[in-house]
Amino acid sequence: MASLSSQPQFRYTQPPSKVLHLRNLPWECTEEELIELGKPFGKVVNTKCNVGANRNQAFIEFADLNQAIAMISYYASSSEPAQVRGKTVYLQYSNRQEIVNNKTTADIAGNVLLVTIEGQDARLVSIDVLHLVFSAFGFVHKITTFEKTAGFQALVQFSDAETATSAKNALDGRIIPRYLLSENISPCTLRITYSAHTDLSVKFQSHRSRDYTNPYLPVAPSAIDGSNQFNLGLDGKKLEPESNVLLASIENMQYAVTLDVLHMVFSAFGPVQKIAMFDKNGALQALIQYPDVQTAIVAKEALEGHCIYDGGFCKLHLSYSRHTDLSIKVNNDRSRDYTIPNPAMVNPQPSVLGQQPVQTMGHQYNGTQYAPGVQQQPTMPPQPSAGWGSSAVPPMPQPMMNNHNPYIPPASMPQISPGMMQMPGQGGIPPFRPTHM
């Protein structure tokens with residue numbers, strides 16, 4: 001049998017046709033690659049990719065017969081063969097005069113979506129951001145990310161085709177909201193089709209693949225350090241050990257941040273079990289406990305660097321805490337255990353604390369302090385002055401929080417309060433509503 005390299009690159013065994021048959025293509029050759037190959041000779045009006053037993057054949061159809069003849073004639077006389085991704089491609093006329101596309105894989109609804117992220121910094125979109133975006137429509141089983149000629153892509157597996165279809169219809173062509181991305185990442189657009197896969201194979205948990213159905217799956221050796229924690233992110237930077245407890249530091253506090261405000265902000269991403277507030281180095285900090293690490297990861301990704309109040313006030317900086325289970329001894333305005341039904345409040349503070357602006361110099365929050373290893377004495381709040389409520393004092397704004405994910409259809413959105421958390425230095429972000437596709 002003649003070797004593949006000895007096969008003729010083209011054959012005249014068929015009469016000329018607008019449709020050309022291509023063989024020996026690389027695995028999962030894309031429509032864009034076929035169009036690029038035929039572009040020098042004319043307009044490619046139709047393609048059919050990944051046919052044949054080995055999925056390494058395809059058809060391209062030109063708008064005019066002379067364009068197809070030009071391509072065949074050129075490569076018949078050229079010393080340079082037609083190539084795709086460095087592989088020699090063999091050409092011949094097809095025995096058909098047009099391509100009749102039956103439903104391709106991309107048209108058949110399935111439970112796995114193929115997502116192409118378009119944008120200059122597409123590869124910097126983390127797997128956790130993708131999980132946050134797509135989990136708004138249902139439980140995401142697995143995600144894998146990879147780079148191909150078409151760009152940075154991901155496979156997202158849902159439980160069923162119906163859930164995947166809902167996500168596809170709402171997200172295809174949409175831009176990932178700015179507040180989900182780091183400030184240094186440019187806008188990224190989602191292009192979504194169905195995948196032929198039905199069950200993704202994820203062998204390791206890493207920054208490129210996750211199996212959310214198997215928490216005991218080993219972590220990829222390339223992504224861990226000596227302490228068995230995730231070590232490298234997608235951008236190559238070292239990751240901090242993840243935890244179900246977040247440490248929140250709040251800067252630019254022009255307004256008081258109460259325990260109830262923190263609970264409202266962080267519960268948008270999942271059930272908050274416990275919160276403890278304390279002062280450290282003259283700044284307000286808080287520990288927020290979730291039931292699992294994944295919920296904390298999602299909250300941290302979405303809230304880091306954002307402001308609770310409009311105007312850039314009360315900016316959040318989040319990190320993972322070494323704690324895993326907070327010890328809440330009393331429930332008051334500085335600490336709360338939400339796992340205890342109807343907790344009795346101890347020494348509740350006057351409600352005026354939640355309505356007055358914070359003194360920027362020397363003011364200390366009152367109440368029981370939560371600082372591991374440090375016992376502080378509570379201080380008495382300053383009494384409201386006679387001029388309270390005058391025009392010189394800015395009014396207390398409502399927290400700029402709405403739903404935690406802009407892709408949730410309006411009927412299923414949790415209603416928290418008007419407005420939405422804003423990006424630093426910007427005005428409020430209008431909530432995203434999927435339009436009818």
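## A tour from strand to sheet to ring

Start by selecting Ala 276: Ala 276 stands opposite Leu 287 in β15. This is a predicted model, where local features need pLDDT of at least 70, side-chain atom pairs count only at pLDDT 80 or more, and totals for chains, interfaces and linings use all residues. Residues are numbered from 1 along each chain as its sequence is written, and side-chain values use heavy atoms, with hydrogens and water left out.

**First sheet**

Now show strand β14 (residues 274-280) and strand β15 (residues 283-289). They run antiparallel and are joined by seven bridges. Strands count as paired if DSSP finds at least two bridges between them. Strands themselves are DSSP runs (E, at least two residues), and helices are runs of H or I with at least four residues, all numbered from the N terminus.

Axes are lines fitted to C-alpha atoms, for helices over the stretch in contact, and angles run from 0 to 180 degrees between N-to-C directions.

Contact here means heavy atoms within 4.5 Å.

Move to Val 115, which stands opposite Ala 154 in β10. Six bridges join strand β8 (residues 112-118) to strand β10 (residues 151-158), and the two run antiparallel.

Which strands complete this sheet? The order is β11-β8-β10-β9-β12, an open sheet of five strands with antiparallel pairing. Its edge strands, β11 (189-194) and β12 (209-211), each pair on one side only. Here the twist averages 20° from one strand to the next.

Select helix α3 (residues 127-134). Helix α3 packs on the sheet, touching β8, β9 (140-148), β10, β11 and β12, and its direction makes about 130° with that of β9. Then take helix α4 (residues 161-171), which lies across β8, β10 and β11 at about 145° to β11.

**Rings**

Switch to aromatic side chains. The structure holds six aromatic pairs. Rings of Phe, Tyr and Trp (its six-membered ring) pair if their centres lie within 6.5 Å; planes under 30 degrees apart count as stacked, over 60 as edge-to-face and the rest as tilted.

Zoom in on Phe 41 and Tyr 74. They form a tilted pair, 5.5 Å centre to centre with 55° between the planes. Phe 41 lies in the loop between α1 (31-38) and β3 (44-51) and Tyr 74 in helix α2 (residues 65-77), so the pair ties together parts 33 residues apart in sequence.

Is Phe 41 buried or exposed? Phe 41 is buried, at 16% relative accessible area. Tyr 74, at 44% relative accessibility, counts as partly exposed. Buried means under 20% relative accessible area, exposed over 50% and partly exposed in between (1.4 Å probe, protein chains only).

**Whole chain**

Zoom out. The protein chain has six helices and 18 strands. Of its 437 residues, 46% are buried.
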